[in-house]
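Q: Please pick out one part of this structure and go through it closely, together with the strands and side chains around it. Give the cut-offs behind each term.

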Amino acid sequence: VQLQASGGGLVPAGGSLRLSCATSASGRTFSQYAMGWFRQAPGKEREFVAAVNRAGSWTDYADSVKGRFTISKDNAKNTAYLQLDSLKPEDTAIHYCAAKSRAILSTVISTWEQYDYWGQGTQVTVSS
């Protein structure tokens, strides 16, 4: 399964972006995937950003993005999204999407080791 992340860019502080994560999985397979977003800034470790269960009904967020970012999943389009609002310079990082196959319905995963597939990342840069 391939994941293709897109939608990154350069925005001023307070701006918004919408990241997309398109998959090569079929609709039926994608509906079994729990999805997550992580990010890594230069010189820092990869960190959890947001996650959603396979049905798109349960979500989890890092405290640093809670109330500003929104994760969603469209099983009809085989795509996951991350809406980034009220961006801050500290949000600058490469953002990666990840997929966990055959996920339990209620599963929302915040640890990167549990994911099976990763996208190539998309750069988000927020200017002050």
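**The disulfide and its surroundings**

A: Cys 21 and Cys 97 are joined by a disulfide with an S to S distance of 2.1 Å; the term denotes a pair of cysteine sulfur atoms within 2.5 Å. The model is predicted, so local features need pLDDT of at least 70 and side-chain atom pairs pLDDT 80 or more, while totals for chains, interfaces and linings use all residues. Residues are numbered from 1 along each chain as its sequence is written, and side-chain values use heavy atoms, leaving out hydrogens and water.

One disulfide is found in a search of the whole structure. Its S-S torsion, for Cys 21 and Cys 97, is about 65 degrees, which makes it right-handed. Because Cys 21 belongs to strand β3 and Cys 97 to strand β9, the bond ties together parts 76 residues apart in sequence. Strands here are DSSP runs of E of at least two residues, numbered from the N terminus. Both Cys 21 and Cys 97 are buried, that is, under 20% relative accessible area (1.4 Å probe, protein chains only).

Strand β3 sits in an open, antiparallel sheet of four strands ordered β1-β3-β8-β7; two strands pair if DSSP finds at least two bridges between them. The edge strands, each pairing on one side only, are β1 (3-6) and β7 (69-74). Between β3 (residues 17-23) and β8 (residues 79-84) there are six bridges, in the antiparallel sense. Ser 20 faces Tyr 81 of β8 across this pairing.

The loop between β7 and β8 holds Asn 78. At 17% relative accessibility, Asn 78 counts as buried. Its contacts, leaving out residues up to four places away in sequence, include Cys 21, Ala 22 and Phe 30; contact means heavy atoms within 4.5 Å. The Asn 78 side chain also comes to 3.0 Å from the backbone oxygen of Ala 25.

Further along β8 lies Leu 82, one of the residues with the most contacts inside the largest nonpolar core, together with Met 35 and Trp 37. That core has 35 residues, and such a core is a set of buried Ala, Val, Leu, Ile, Met, Phe, Trp, Tyr and Cys residues joined through side-chain atoms within 4.5 Å. Strands β3 and β9 (93-100) are among those that each supply at least two residues to it, and β5 gives the most, five. Beyond four places in sequence, Leu 82 contacts residues including Leu 17, Leu 19, Trp 37 and His 95.

Note on methods:
Buried means under 20% relative accessible area, exposed over 50%, partly exposed in between (1.4 Å probe, protein chains only). A polar contact is a pair of N or O atoms within 3.5 Å; within protein, one must be able to donate a hydrogen and the other to accept it, and residues adjacent in sequence count only if both atoms are side-chain atoms.
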